[in-house]
Amino acid sequence: MCGSASGILMAGEEVGDLFRGGRAYDVNVWSTAATRNSVASVANLPIDTPAGGHVRLGDVAQVEIAPASSVIYRENASRRIDVGANVDGRDMGAVAREVEAKLQEIDFPLGYHAELLGEYAERQAAQTRLLIFTIGAAIGVLLILLASFGSWRLAVLGFLTLPSALVGGLIAAYFTGGIISLGSLVGFLTIFGIAARNKIMLINHYQHLERHEDETFGPQLALRGAGERLSPILMTALATGLALVPLAWAGDLPGHEIEHPMAIVILGGLVTSTLLNLFVVPSLYLQFGKGSTQTAPEASIALTPHPTFGGD
């Protein structure tokens, strides 16, 4: 209850402390249950006057129901109050951006300001860290492709085709809500790595066939290499996909906020990455791979007879 004469009055007012056994206990004064039932009952409470009479509380104070903090939180030498809300049926990022826009329209009193914290702020920080790690991982993948293929042309071409493997993950995320969360980003990185691994395995096999099995560069090389690497590529996709089916099937149940979108993206990306490595990579190798395999020159030994001196 709020009164203009005496500040804030609660239904139970602390009037002192009681010390027993080294501990302090608050002493509160409460009115009867009938008096606390309504604002009008509180306004009719008799208040003692200095002259010895009584006056109604409502005659000397404005009695109304108003919010009051039971606990005052402090951070960085400033008082704060938390306003919490849950998001349901919408992307948290879109809701947070809308809240930020509304907060910009509010003219706060001097010394007051609003900060948007919670899961959204944590996710923004995690996405920033993930972006830094993604850039580092992309540079590492490019260097690994170069070391594996021994050709800048194949390495750069293979690196530029890797994002095509992510199309399936984007389609899967679109048809399951269209929300790209932190788990989805982890799924995209996983697909990126799987596609790079399968690409290295396939092109290295092409180079092995040319170097050590005397396979001529051409369509027959592409068909043979893809056929011999079909089982490992499909086994990778099937093993990974079957392990993620339970997470995708569980849906967005509590506790699956990270695993569910990650599983959806990986399952969709496995389809396009497998098709990319079995159909697109062989065609690109036939187009740009000629001359990338360097064979070591064969050593030759020339036998020259030594001149002889003297006669028979």
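Entry 1. Accessibility terms. I take buried to mean under 20% relative accessible area, exposed over 50%, and partly exposed in between, with a 1.4 Å probe and protein chains only. I note that this is a predicted model, in which local features need pLDDT of at least 70, side-chain atom pairs count only at pLDDT 80 or more, and totals for chains, interfaces and linings use all residues. Residues are numbered from 1 along each chain as its sequence is written, and side-chain values use heavy atoms, with hydrogens and water left out.

Entry 2. Confidence. I looked up pLDDT, the predictor's confidence in each residue from 0 to 100. The protein chain has a mean pLDDT of 81, and 88% of its residues reach 70 or more. Residues 1-10 have pLDDT below 50, yet this stretch has 21 contacts (heavy atoms within 4.5 Å) beyond near neighbours in sequence. For residues 308-312, where pLDDT stays under 50, I found 0 contacts beyond four places in sequence. Where pLDDT is low, the predicted coordinates should not be read in detail.

Entry 3. Aromatic rings. I paired rings of Phe, Tyr and Trp (its six-membered ring) if their centres lie within 6.5 Å; planes under 30 degrees apart count as stacked, over 60 as edge-to-face and the rest as tilted. The count by this rule is 4 aromatic pairs. Y174 and F175 form an edge-to-face pair, because their ring centres are 5.2 Å apart and their planes stand at 85°. Y174 counts as exposed at 61% relative accessibility, and F175 counts as exposed at 67%. I also recorded a cluster of Y206, F217 and Y285, linked by ring pairs.

Entry 4. Helices. I used DSSP runs numbered from the N terminus: helices are H or I of at least four residues, strands E of at least two. D214, with a positive phi near 55°, follows helix 7.

Entry 5. D59. I located D59 in helix 2 (residues 57-60). D59 is exposed, at a relative accessible area of 52%. Its side chain makes a polar contact with the side chain of R56 at 2.7 Å. A polar contact is a pair of N or O atoms within 3.5 Å; within protein, one must be able to donate a hydrogen and the other to accept it, and residues adjacent in sequence count only if both atoms are side-chain atoms.
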